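Trainee: I would like to learn how labels get attached to a structure. Could we go through one together?
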Amino acid sequence: TSGSYTNALAIDGARTVDNFTVNGDGVFSMGAGSSLTVQTAWSYNSTGTSPFDCNSTLTIARSGSQTIPALAYGNLKLPGGPRVLASSGTIGICGTFTPGAGAYTVTGSTVDFNGTGTQTISGTNPSFPAFPFLFIDKTAGTVNLSRDIQVTNTLEFTSANTANINASTFTVFVSGTSTGA
């Protein structure tokens, strides 16, 4: 099933589609507990807002290369083929981030963990690249690592944030600057 919408679309419940396109200036939102799995192609060309509830899950399961736009996600799962994170802007995640096994290209976007509860950077892909900019921008809660991560430019913690490195098993490599830590 394919869908292309130009006004407003609210996802509630569980949906699986082959192709998913968002165009125009409408609002695309995902409610609490909702999930959207895109099997083939995800295209986001909207100037509108896209509020995703922190308890929603977007899964991009395409086996080919897929660009991940700079949006504010709940849980973001990226199994399948190669992934290209947006070249600019902020990829906000207020839930769990699960990169898949495909190759990743991360150039200039900021990945911002901004949920109020415990968040996790998970996955088993040893070739997952470095984050150029990683922000831990939480008013409460922690970020747990279940994998090593690398930050090449800036790792920034805002007030009173913590990152748990599970029993010293995983490492954060920072080759740029770290502020607020």
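Trainee: What makes the disulfide of Cys54 and Cys94 left-handed or right-handed?

Mentor: Look at the torsion about the S-S bond. For Cys54 and Cys94 that torsion is about -120°, so the disulfide is left-handed. Remember that this is a predicted model, where local features need pLDDT of at least 70, side-chain atom pairs count only at pLDDT 80 or more, and totals for chains, interfaces and linings use all residues. Residues are numbered from 1 along each chain as its sequence is written, and side-chain values use heavy atoms, with hydrogens and water left out.

Trainee: Why are Cys54 and Cys94 called a disulfide?

Mentor: The rule asks for a pair of cysteine sulfur atoms within 2.5 Å. The sulfur atoms of Cys54 and Cys94 are 2.1 Å apart, so the pair qualifies under that rule. The count comes to one disulfide.

Trainee: Which parts does the pair tie together?

Mentor: Cys54 lies in the loop between strand 5 (35-46) and strand 6 (57-60). Cys94 lies in the loop between strand 11 (90-93) and strand 12 (97-99). So the pair ties together parts that are 40 residues apart in sequence. Strands here are DSSP runs (E, at least two residues), numbered from the N terminus.

Trainee: How do you know whether Cys94 is buried or exposed?

Mentor: Buried means under 20% relative accessible area, exposed over 50%, partly exposed in between (1.4 Å probe, protein chains only). Cys94 has 13% relative accessibility, so Cys94 counts as buried. Cys54 has 32%, so Cys54 counts as partly exposed.

Trainee: What makes strand 14 and strand 16 a pair?

Mentor: DSSP must find at least two bridges between them. Strand 14 (residues 110-113) and strand 16 (residues 131-136) have four, in the parallel sense.
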